[in-house]
Amino acid sequence: MAKNKPLKFMTFNLRVDNIGDGINAFSRRFDRVVDVLNRECPCVIGFQEVTDGMRARLRDHLPGYTVQGCGREKNYHGESMLIAYRTDEVELLSLDNLWLSPTPRVAGSTFGGDQSGCPRMLTTALLKHDAWDQPFRFINTHLDHQGASARYLGAMMLVQLISQYPEKFVLTGDFNAIPHTPEITLITEGLQKRGTVDCTAGLGGTFHGFGRLPEDRREKIDYIFTDGLCLNAYVVPDTPVNGQYYSDHNAVCAEISPE
């Protein structure tokens, strides 16, 4: 196998399974989610908004992938920042779950202040793929939807954490912030010495609310950052079928090589 060839990474906010979404409830659009994953065939995926039942369903119905991660609440249930990787290609070397808070090892902990009532966390894995000479670090997160200060503190924690990793990294997530806001700028500037780039720079909006938002009002809040070489990135189209979308966010893919 050629060394240091590009690998495809994906960030994908699945939207919690809410019966109020009607035809777009996760249980009803799950087949569309699987279709997207089968079609795109990413090597590693960062999922957001994955509740317990959704997590179980993904683990049972995503052949070829290993799914890792835990819930964000005190009892390790609730929404998770799942990482999924191709079982036949990727080897897991280590896994960690941390809460975005002053006490990252305390399940369910938060920054307080303007943060919503939702704990926020990250899941990170050290992964090895034969196509890359060295293992790489994959981090998946979901910043707060309500508090700008909480988002900034979360971004700062990510920068501090990633700065300690010697490996090349890929950071995915729903950051709930548009480009050029302080929390987004902090990531690229705070990790500038590593040559960090926003692979999704220049892409269009990623949140469409199951098609309720017109194209010109959709904002980009889903990102893929890396200190590797980003060769290509794109928003995965979500053309509705009889009014049904695969999510209220577009999945985003990036092809990255380590150099």
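Reader: Hi! Which residues make the nonpolar surface patch of about 220 Å²?

Author: Welcome! This is a predicted model, and in it the patch is formed by Y152, L153 and M156.

Reader: Where is L153 placed?

Author: L153 sits in helix 3, which covers residues 148-163.

Reader: And how exposed is L153?

Author: L153 is partly exposed, since its relative accessible area is 35%.

Reader: Let's go inside. How many residues are in the largest nonpolar core?

Author: There are 23 residues in the largest nonpolar core. Among those with the most contacts inside it are M10, F12, L37 and I45. Strand 1 (7-13), helix 1 (26-40), strand 2 (44-48), helix 2 (52-61) and strand 3 (65-68) are the elements that each give two or more residues to this core.

Reader: Nice. Which element gives the most to this core?

Author: That's helix 1, with six residues.

Reader: You mentioned I45. What does I45 touch, leaving out residues up to four places away in sequence?

Author: Its partners are M10, F12, L37, Y65, L82, I83, A84 and F138. There is also a second, separate core of 22 residues, including M157, V159, L186 and L191.

Reader: Switching to helix 4: which of its residues are buried?

Author: Helix 4 spans residues 182-190, and E183, I184, L186 and I187 are its buried residues. Viewed down the helix axis, they fall within an arc of 155 degrees, so they line one face of helix 4.

Reader: What do they pack against?

Author: The buried residues of helix 4 pack against helix 3, strand 8 (168-174) and strand 10 (222-226).

Reader: Which exposed residues are on the face turned away from the buried side?

Author: On helix 4, that face carries P182 and E189.

Technical notes: Residues are numbered from 1 along each chain as its sequence is written. This is a predicted model: local features need pLDDT of at least 70, side-chain atom pairs count only at pLDDT 80 or more; totals for chains, interfaces and linings use all residues. Side-chain values use heavy atoms; hydrogens and water are left out. Patches are made of residues with over 30% relative accessible area and no salt bridge: like charges are joined within 9 Å, nonpolar side chains (Val, Leu, Ile, Met, Phe, Trp, Tyr) within 5 Å. Accessible areas come from the Shrake-Rupley method with a 1.4 Å probe; for residues, only the protein chains shown count as cover. A salt bridge is a side-chain nitrogen of Lys or Arg within 4 Å of a carboxyl oxygen of Asp or Glu. Helices (H or I, at least four residues) and strands (E, at least two) are DSSP runs, numbered from the N terminus. Buried means under 20% relative accessible area, exposed over 50%, partly exposed in between (1.4 Å probe, protein chains only). A nonpolar core is a set of buried Ala, Val, Leu, Ile, Met, Phe, Trp, Tyr and Cys residues joined through side-chain atoms within 4.5 Å. Contact means heavy atoms within 4.5 Å. The arc is that of the directions from the helix axis to the C-beta atoms.
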